[in-house]
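The exercises below ask you to read a structure step by step, and each task is followed by its worked solution. Please keep the sequence and the coordinates at hand while you work.

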Amino acid sequence: MKFTKMNGAGNDFIIINNMKEGIPQEAFPTLARQLCHRRLGIGADGFMVVEAPLQDGDYRMLFFNADGTMGEMCGNGARCIARYGYENGLAGEVQRIETTAGLVTGWRLSEQQYRVMLNPVTTMQLDLPLEAQGKTWSCSYVELGDPGIPHVVVHIPGLRSQWIDDGEKAEELRTLGRTLRSHPAFPKGANINFYDITGKDQAEELTYERGVEDFTLACGTGTGSVTAVLTEKGLVSGTGVKIRVPGGLLQVSIEKKDGTMIPYLTGPTCVAATGEAGGDLLRQPALETEKAGAEASGGREAENRNRNITIIGMAGAGKSTTGVVVAKILKKEFIDGDLRIQTVTGRKLQDIINQDGNEAFREIERQVLCSIDAENAVIAPGGSAVYYPEAMAHLKEQGVVVYLHVPLPEIQRRLTNLTTRGITLKKGQTIADLYQERLPLYEEYADIRIDTEGCTLEQTVEKIVRAVKEYKR
């Protein structure tokens, strides 16, 4: 398998052209973990796959974090892949890149400098007080694109001089980033972007990235989100704002169009290496050595370790957010059913519902769920998975089904985006109606029920892990 390794301001990626390689999509999460591992693989923050366009783009980009989870989009990755597309004859100096979060346009400014139009700001909440580590932090929440790429923006006075350059304080900041990244206020998790203003239209930024689960040298969408917040607050002009990140200097301009903020990100790209991944790396599941150990040990422990965990529940129950963390703890692959649908169809969930109707969407969802053939995975299907007996039987054959029970008032509080979330509501049907319709189905298919009322994310995850380990068929 031929690959190119690139970085944008230190944010590094492994890129393959799957129009030539022909690797099945179900292999991408494991392949991402193997290739991105800094010791057992090539090493990178993310894995990007070039596919044929599904609509009117020049090509399509699939982005996977180093832990194998699928990401919506990556700003620095988009700049790198724009250069890759130009230098490999996939597009000209201006190109249109299809991503899970929407269409991204890229421009070649010079051999190394590239500019991309990031996804528009679709959600912005300023100055949210959040409790973490015994202190209240003023945070702003931003999503770019739809489905939104989640970011939290936090002001840390003296970011470099008092925090980054002090080893002990830097570790405190890492812990804060880890805590906020999984805060219950952010059901999808979030990239945590710490910043400090250092001059006129200048700022310092450090990002704790979900999926990498550590600080990275740069985060393009995070830089765009920070600039959008500062522009909205009037702290920067929004034009040519210079953001210093550990990996270099990025520049962002904010365009306002019909009341929507659109960030433009400019910065360097670097081709670090081209080559061919060794056969041993591709054949050996380097990060899943627990499988061999489980087979050797035998018994119920081995079965628990290798079987899948399918997490069902209402939209807004936190299936994906919880599932990602459970997968990390138990060293399993994570599969998001909704993202799998978008990958297979190249369309957003809500677009399918709006254009084709609920029944057509459900048939697509049924087929996608029935096609999942995984081992040692955590699977988070959409809330409507329980409508398909064939799909649920298929998932139950592969492992244990966990139902996340969340009280109706909490579900109603969380679901504020019904017109964009991809929920198959019938005409005149309310969330309360849907909840009552689905509740008995969740109970019917569940092997384990987890009550989440009053629980933090960490407590819910702990309940799931403990219950799965103790479960006997």
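**Exercise 1.** Which residues of α17 are buried?

*Solution.* Bear in mind from the outset that the model is a predicted one. Begin by locating the helix: α17 covers residues 457-470, which makes 14 residues, and it reaches 20 Å from its first C-alpha to its last, close to the 20 Å expected at 1.5 Å a residue. Next, apply the burial cut-off of under 20% relative accessible area; the residues of α17 that are buried are Leu457, Thr460, Val461, Ile464, Val465, Ala467 and Val468.

**Exercise 2.** Determine which element gives the largest share of the largest nonpolar core, and describe the surroundings of one of its residues.

*Solution.* The largest nonpolar core has 51 residues, and those with the most contacts inside it are Ile309, Ile312, Val326, Met392, Ile411, Ile448 and Ile464. Its largest share, 6 residues, comes from α17. A second, separate core has 44 residues, including Ala78, Ala218, Val226 and Val229.

**Exercise 3.** Classify the ring pair of Phe28 and Phe47 and that of Tyr141 and Phe186, and state which elements hold the rings.

*Solution.* A pair of aromatic rings is described by the distance of the centres and the angle of the planes. The count comes to 8 aromatic pairs. Among them, Phe28 and Phe47 lie 6.3 Å apart centre to centre with 70° between the planes, and the pair is edge-to-face. Phe28 belongs to helix α2 (residues 28-36) and Phe47 to strand β3 (residues 46-51), so this pair ties together parts that are 19 residues apart in sequence. Both Phe28 and Phe47 are buried. For Tyr141 and Phe186, the values are 5.2 Å centre to centre and 10° between the planes, and the pair is stacked. Because Tyr141 lies in strand β10 (residues 135-144) and Phe186 in the loop between α5 (167-181) and β12 (191-199), the pair ties together parts that are 45 residues apart in sequence. Tyr141 and Phe186 are buried as well. Finally, Phe28, Phe47 and Phe64 form one aromatic cluster.

**Exercise 4.** Where does the charged end of Lys135 sit, and over which face does Lys169 lie?

*Solution.* The charged end of Lys135 sits over the ring of Trp137, at 4.3 Å from its centre. Lys169, in turn, lies over the face of Trp163, 3.9 Å from the ring centre.

Methods. Residues are numbered from 1 along each chain as its sequence is written. This is a predicted model: local features need pLDDT of at least 70, side-chain atom pairs count only at pLDDT 80 or more; totals for chains, interfaces and linings use all residues. Side-chain values use heavy atoms; hydrogens and water are left out. Rings of Phe, Tyr and Trp (its six-membered ring) pair if their centres lie within 6.5 Å; planes under 30 degrees apart count as stacked, over 60 as edge-to-face and the rest as tilted. Helices (H or I, at least four residues) and strands (E, at least two) are DSSP runs, numbered from the N terminus. Buried means under 20% relative accessible area, exposed over 50%, partly exposed in between (1.4 Å probe, protein chains only). A charge sits over a ring if NZ of Lys or CZ of Arg is within 6 Å of the ring centre and within 35 degrees of the ring normal. The expected span of a helix is 1.5 Å times one less than its number of residues. A nonpolar core is a set of buried Ala, Val, Leu, Ile, Met, Phe, Trp, Tyr and Cys residues joined through side-chain atoms within 4.5 Å.
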